[in-house]
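Have the sequence and the 3D view open as you read.

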Amino acid sequence: MSELKNDLILKALKGEKMSRPPVWMMRQAGRYLPDYIKLREKYDFFTRVQTPELACEITLQPVDQVGVDAAILFSDILVIPQAMGLTVLLEENKGPVLPNVIKTKEDIDALNCTEVDESLNYVYKALKLIKQELNGRVPLIGFAGAPWTLLCYMVEGKGSKTWDKAKQFCFTQPELAHSLLQKITDITILYLKAQVNAGADLVQVFDSWSGMLSPADFKLFAQPYLVQIADAVSSHAPVILFPKGSWYALPDLSKSSAAGLGIDWSITPEMARSMTNNSITLQGNFDPSKLLAPIPQIKKEVKEMIDAFGVNRYIANLGHGIMPNIPVDHARAFVDAVKEYA
Ligand code: CP3
């Protein structure tokens with residue numbers, strides 16, 4: 001395997017002294033890139049995800065076209081519920097739908113927890129191919145959804161503004177909820193370790209809906225499982241936890257074995273630094289909608305963001321995924337502004 005020519009993100013996660021922070025964008029593979037949109041017309045979503053050559057091509061697009069310092073595997077967090085036996089439909093512009101939701105103990109017992117490695121073989125094949133095609137240009141990020149966020153989709157069956165059915169399940173049947181969360185956790189640990197074996201240089205766990213939980217409920221239904229994953233996977237590769245909206249958990253999570261914590265734009269860099277005692281690498285937190293601002297304003301605000309975080313122990317990123325309506329030259333301006341920081 002070739003040596004990495006750009007290992008800025010790994011250095012930032014180790015806390016090494018940096019001349020500038022590394023930069024990548026959540027959801028950079030897909031969504032807004034014209035070449036991706038063209039592929040979308042030819043192949044449906046899960047064909048793109050399950051065909052290693054297509055996943056590889058899409059993963060490389062932002063590296064080649066926008067100049068990010070890391071590649072993230074093109075896949076989806078919902079491949080885990082799918083591998084556990086649930087049907088996952090993805091209709092364009094509608095978001096994911098899971099027609100058979102989890103309601104009972106029998107539903108949980110029926111989930112497949114043993115052959116997940118087998119059915120996700122296409123992911124490992126894609127990672128190997130991407131690693132080869134990257135040829136050491138930048139590190140490769142693997143990922144999974146956090147147990148709470150996956151429970152949300154598995155119980156609710158589709159996206160939601162409130163996730164009230166998922167919460168109702170947790171609040172009325174906590175034992176069942178914990179057994180489901182633990183099953184997802186066990187599989188996710190195996191899955192992330194296998195991603196590292198296949199070539200991922202680091203992994204990120206997306207807890208997209210953790211901020212829907214109160215601090216007390218986050219501690220019950222999200223945090224223990226995030227910590228288990230970080231503890232189990234950290235000896236294999238650095239782990240970034242991204243509990244979106246859960247800034248209140250930063251002090252606790254900064255003491256976990258995670259190498260980095262992602263934050264969104266609802267907290268200032270200064271607050272996040274002080275809540276984590278300056279002890280862990282932080283990633284974020286540019287408002288993705290700010291990429292719609294004029295380019296000079298993007299560049300100015302990126303510089304201010306880096307000034308506030310500092311160049312060390314910092315990975316420049318958005319505070320959530322890039323949106324489909326972002327012009328490519330604005331995404332490039334974001335990346336260039338980080339690279340031009342001096
Ligand atoms: O970062 C990357 O670019 C890698 C690819 C990636 C996708 N999904 C591809 C995708 C990643 C990291 C994800 C993670 C994901 N998927 C999350 C966590 C991150 C976040 O944004 O909060 C969540 C909650 C999902 C679930 C999901 N998948 C939703 C809600 C949707 C529909 C709308 C959308 O774009 O978010 C998807 C489909 C999906 N996953 C698309 C892409 C590029 C859009 C479908 C398409 O382009 O045809």
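## Thr-172 and its helix

Let's start with Thr-172, which sits in helix H10, a run covering residues 164-172. This is a predicted model, so everything below is computed from its coordinates. Is Thr-172 buried or exposed? Its relative accessible area is 53%, and since the cut-off for exposed is over 50%, Thr-172 counts as exposed.

For a sense of scale, take Pro-294: 122 residues separate it from Thr-172 in sequence, and the C-alpha atoms of the two are 48 Å apart in space.

## Aromatic pairs

How many aromatic pairs does the count come to? The total is 13. One of them is Phe-143 with Phe-206, an edge-to-face pair with 5.6 Å between ring centres and 90° between the planes. That pair ties together distant parts of the chain, as Phe-143 belongs to strand E4 (residues 140-145) and Phe-206 to strand E5 (residues 202-207), 63 residues apart. Both Phe-143 and Phe-206 are buried.

Trp-247 and Tyr-248 make another edge-to-face pair, at 6.0 Å centre to centre with 65° between the planes. Here Trp-247 is partly exposed, at a relative accessible area of 39%. Elsewhere, ring pairs join Tyr-36, Phe-45, Phe-46 and Phe-74 into a cluster.

Asp-201 is found in the loop that runs between helix H11 (174-198) and E5. With a relative accessible area of 18%, Asp-201 is buried, because that value falls under the 20% cut-off.

What does the side chain of Asp-201 pair with? The partner is the side chain of Lys-131, through a polar contact of 2.8 Å. Leaving aside residues up to four places away in sequence, Asp-201 also touches Leu-4, Leu-10, Pro-139, Leu-140, Ala-237 and Pro-238, with Lys-131 on that list too.

## Where H16 meets H17

Helix H16 (residues 295-309) packs against helix H17 (residues 328-339) at about 35°, and their axes are 9 Å apart. The crossing of H16 past H17 is right-handed.

On the H16 side, the contact uses Ile-295, Ile-298, Lys-299, Val-302, Met-305 and Ile-306; H17 brings in Asp-329, His-330, Ala-333, Phe-334, Asp-336, Ala-337 and Val-338. Sorted by class, this contact has 9 nonpolar, 1 polar and 3 charged residues.

How values were computed:
Residues are numbered from 1 along each chain as its sequence is written. This is a predicted model: local features need pLDDT of at least 70, side-chain atom pairs count only at pLDDT 80 or more; totals for chains, interfaces and linings use all residues. Side-chain values use heavy atoms; hydrogens and water are left out. Helices (H or I, at least four residues) and strands (E, at least two) are DSSP runs, numbered from the N terminus. Buried means under 20% relative accessible area, exposed over 50%, partly exposed in between (1.4 Å probe, protein chains only). Rings of Phe, Tyr and Trp (its six-membered ring) pair if their centres lie within 6.5 Å; planes under 30 degrees apart count as stacked, over 60 as edge-to-face and the rest as tilted. A polar contact is a pair of N or O atoms within 3.5 Å; within protein, one must be able to donate a hydrogen and the other to accept it, and residues adjacent in sequence count only if both atoms are side-chain atoms. Contact means heavy atoms within 4.5 Å. Axes are lines fitted to C-alpha atoms, for helices over the stretch in contact, and angles run from 0 to 180 degrees between N-to-C directions. A crossing is left-handed if the near helix is turned anticlockwise from the far one by less than a right angle, and right-handed if clockwise. Ala, Val, Leu, Ile, Met, Phe, Trp, Tyr, Cys and Pro count as nonpolar, Asp, Glu, Lys and Arg as charged, and the others, Gly among them, as polar.
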